[in-house]
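Thanks for making the time this morning; I would like to walk you through the ligand site of one model. Please have a look at the sequence and the structure first, and then we will go through the site together.

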Amino acid sequence: MIAIYPGSFDPITNGHLDIIKRSSQLFERTIVAVLCNQNKQPIFSVEKRMEQIAFCTKHLSGVEVDSFSGLTVEYAKFRNAGVLIRGLRVLSDFEKELQMAHTNKTLWDGIETVFLATSTEYSFLSSSVVKEIAQFGGAVEHLVPKNVAADLYDYYS
Ligand code: PNS
């Protein structure tokens, strides 16, 4: 079974990485798919985000990095994937995620969303929090992969 883990990943955090590792243990193939068509202004280009993810997942078998634009379910169909992976950190994530899962199901009945509970040590973590810390010169090495921490320091220096 092929699973897609879609997201902005601007940038990937240790929380995302934990979900990717666990997905790779559950599914034959996990495609980490970076969304291109976003209203949010990302700090890293899609290519850079793909490079960051590829670097920190290279030791994981069955993990591929790609990008997509448009609807996630259309991309899932195109990749023959039947599962979307999403991480749930806290209860407040659930409302938006459940709405998204239901929406995707109405768009294509062939898709199932599998929620993985984020490991408790990462339950506070988000790309936004990481960017805010890095922007004000705080340490982020414990929150993101090493290569991403270096990119963040470069970006905000
Ligand atoms: O990392 P994010 O920003 O929480 O990821 C959100 C994402 C990319 C999974 C979601 O915005 C998405 O699937 N966007 C693509 C457009 C789409 O398919 N919309 C319909 C489902 S609500």
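Which residues lie nearest the centre of the largest pocket? Keeping in mind that this is a predicted model, the residues nearest that centre are G7, S8, K40, R86 and K96, out of a lining of 45 residues. The pocket has a volume of about 1,200 Å³, and by class its lining divides into 16 nonpolar, 21 polar and eight charged residues. The element that gives the most to this lining is α4, with 10 residues, while β1, α1 (14-26), α3 (72-78), β4 (83-88), β5 (112-117) and α5 (127-135) are among those that each supply at least two.

Now to the ligand, whose space is this largest pocket. Surrounding the ligand we find, among others, P6, G7, S8, L35, K40, T72, R86, K96 and N104, and the shell as a whole comprises four nonpolar, five polar and three charged residues.

An N or O atom in the side chain of S8 is 2.5 Å from an oxygen atom of the ligand, and for the side chain of T72 the corresponding distance to a ligand oxygen is 2.6 Å. R86 also takes part, with a polar side-chain atom 2.9 Å from a ligand oxygen. As for cover, the ligand taken alone exposes 550 Å², of which the protein buries 75%.

How values were computed
Residues are numbered from 1 along each chain as its sequence is written. This is a predicted model: local features need pLDDT of at least 70, side-chain atom pairs count only at pLDDT 80 or more; totals for chains, interfaces and linings use all residues. Side-chain values use heavy atoms; hydrogens and water are left out. A residue is near a molecule or strand if one of its heavy atoms lies within 4 Å of it. A polar contact is a pair of N or O atoms within 3.5 Å; within protein, one must be able to donate a hydrogen and the other to accept it, and residues adjacent in sequence count only if both atoms are side-chain atoms. Accessible areas come from the Shrake-Rupley method with a 1.4 Å probe; for residues, only the protein chains shown count as cover. On a 1 Å grid over the protein atoms alone, a cavity is a set of points where a 1.4 Å probe fits but cannot get out, and a pocket is an open set with protein on both sides within 12 Å along at least five of seven lines; lining residues have an atom within 4 Å of a point. A molecule sits in a cavity or pocket if more than half of its atoms lie within 2 Å of its grid points. Ala, Val, Leu, Ile, Met, Phe, Trp, Tyr, Cys and Pro count as nonpolar, Asp, Glu, Lys and Arg as charged, and the others, Gly among them, as polar. Grid points are joined across faces, edges and corners, and a volume is the space filled by probe spheres set on the points. Helices (H or I, at least four residues) and strands (E, at least two) are DSSP runs, numbered from the N terminus.
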